[in-house]
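Dear colleague,

Please find below the structure that I am handing over to you, followed by an account of what was found in it. I would be grateful if you could read the two side by side.

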Amino acid sequence: MRKLIIIGLGPAGLSAAIYAARARLQPLVIGRALGGQAALTERIENYPGFPEGIQGMELARLMQEQAEHFGAEIKMDEVKEVKFSSSPFIVRTYDREYQTKALIIATGASPRKLKVPGEEELTGKGVSYCATCDGFFYRDRTVAVIGGGNAAIDDALFLTKFARQVHVVHRRNRLRADRILQERAFANKKIKFVWDSVVTEILGQEKVTGLALKNVKSGERTELAVDGVFVAIGQIPNTELFKGQLELDEKGYIVTDRAMHTSVEGVFAAGDVQERVLQQVATAVGTGAIAAMEAEKFIAALEGRAYP
């Protein structure tokens with residue numbers, strides 16, 4: 001039996017763990033991988049307090065250390081089932097079953113796929129969703145990044161450290177990325193842009209050899225020879241576990257109020273799993289803190305004690 005369980009080891013979950021542990025709730029934090037999407041970022045430059053930037057995994061490691069310092073228990077495991085139909089709630093992992101008075105969901109989001117021929121077959125053979133994980137393997141080679149937002153341009157800039165040429169394929173004729181990232185990308189001679197184009201197929205047998213492209217304005221079809229493809233077209237919330245138990249919006253994000261309350265009393269959500277306006281480390285940390293304080297308030301009421 002636990003007072004509070006937090007699902008997720010990204011910035012939202014770890015922030016919630018820090019606040020909950022300081023409130024002496026002794027939270028159990030369960031997740032498969034430390035840092036979530038932030039851990040895949042080579043350098044985070046817009047998180048306050050780090051004027052020179054900080055590696056995503058290093059920031060996650062510091063957050064974990066801080067949470068454990070105050071008494072949070074971190075468990076590397078995967079939650080396979082949750083039940084919100086009775087109180088206490090039930091959380092099942094590969095290892096065991098837990099009961100908890102309150103729950104914070106911080107399961108984040110996963111990379112969105114192109115869903116074109118060749119993508120599934122060539123994943124791990126030239127198709128990647130993590131430039132910081134796989135960029136090193138493309139030293140002096142030609143790669144493509146699919147997308148036009150912050151993640152795509154971050155990836156493109158990172159890949160210029162290794163690749164000979166980086167093609168950014170975007171379905172529009174202008175980028176959605178922050179202005180400072182755009183300026184860096186346009187100034188980098190290794191980056192070339194393929195505008196108004198979508199991928200219709202990823203080419204190759206045993207490995208990626210190119211992309212089949214379609215211009216969305218002219219309809220013209222072309223092929224682009226590349227050795228690797230990095231897909232950065234957005235995220236899908238990790239909410240499969242909660243379908244039918246929590247209210248989700250039309251895109252699968254958990255619906256919360258401003259205090260991170262979900263449709264089930266005692267269940268809270270934080271981070272990318274519920275944030276649709278700005279999916280950043282800073283917003284994840286903020287919502288994680290709110291969720292933890294609201295969970296403390298809920299538990300205090302259950303136990304008949306004053307809050308705070």
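Gly-210 has Ala-225 of β14 standing opposite it. Please note at the outset that this is a predicted model. Strand β13, residues 208-215, runs antiparallel to β14, and five bridges join the two. Both strands belong to an open sheet of three strands, in which the order is β12-β13-β14 and the pairing is antiparallel. At its edges are β12 (197-204) and β14 (221-225), each of which pairs on one side only. On average, and with direction ignored, neighbouring strands of this sheet are turned by 25° against each other.

Two bridges connect β8 with β15 (residues 228-231) in the parallel sense. Within this pairing, Val-127 has Val-229 of β15 as its bridge partner.

**The packing of α5 and α6**

Two packed helices are described by the angle between their axes and the distance between the axes. For α5 (residues 150-159) and α6 (residues 179-187), the angle is about 35° and the axes are 10 Å apart. The crossing in which α5 passes α6 is left-handed. On the α5 side, the contact is made by Asn-150, Ile-153, Asp-154 and Leu-157, while α6 supplies Leu-181, Arg-184 and Ala-185. By class, the residues of this contact comprise four nonpolar, one polar and two charged.

**The pairings of β1**

Strand β1 (residues 2-7) pairs in the parallel sense with β6 (residues 97-105) over five bridges. In that pairing, Leu-4 stands opposite Ala-102 of β6. β1 also pairs with β2, again in the parallel sense, over three bridges. There, Ile-6 has Val-29 of β2 as its bridge partner.

**The second largest pocket**

Which residues line the second largest pocket? They are Ser-15, Ile-18, Tyr-19, Tyr-47, Phe-50, Leu-59, Leu-62, Met-63, Gln-66 and Val-285. The volume of this pocket is about 150 Å³. Two or more lining residues come from each of α1 (11-22) and α2 (56-69), and α2 gives the largest share, with four residues. The lining has eight nonpolar and two polar residues, and no charged ones.

**Two backbone features**

Most residues other than glycine have a negative phi, and most peptide bonds are trans. Two places in the backbone may be read against that background. The peptide bond from Ser-87 to Pro-88 is cis, with omega near 5°. Pro-88 is located in the loop between β4 (79-83) and β5 (89-93). Arg-24, although not a glycine, has a positive phi of about 65°. Its place is in the loop that runs between α1 and β2 (28-31).

Yours sincerely

Conventions:
Residues are numbered from 1 along each chain as its sequence is written. This is a predicted model: local features need pLDDT of at least 70, side-chain atom pairs count only at pLDDT 80 or more; totals for chains, interfaces and linings use all residues. Side-chain values use heavy atoms; hydrogens and water are left out. Axes are lines fitted to C-alpha atoms, for helices over the stretch in contact, and angles run from 0 to 180 degrees between N-to-C directions. A crossing is left-handed if the near helix is turned anticlockwise from the far one by less than a right angle, and right-handed if clockwise. Contact means heavy atoms within 4.5 Å. Ala, Val, Leu, Ile, Met, Phe, Trp, Tyr, Cys and Pro count as nonpolar, Asp, Glu, Lys and Arg as charged, and the others, Gly among them, as polar. On a 1 Å grid over the protein atoms alone, a cavity is a set of points where a 1.4 Å probe fits but cannot get out, and a pocket is an open set with protein on both sides within 12 Å along at least five of seven lines; lining residues have an atom within 4 Å of a point. Grid points are joined across faces, edges and corners, and a volume is the space filled by probe spheres set on the points. Two strands pair if DSSP finds at least two bridges between them.
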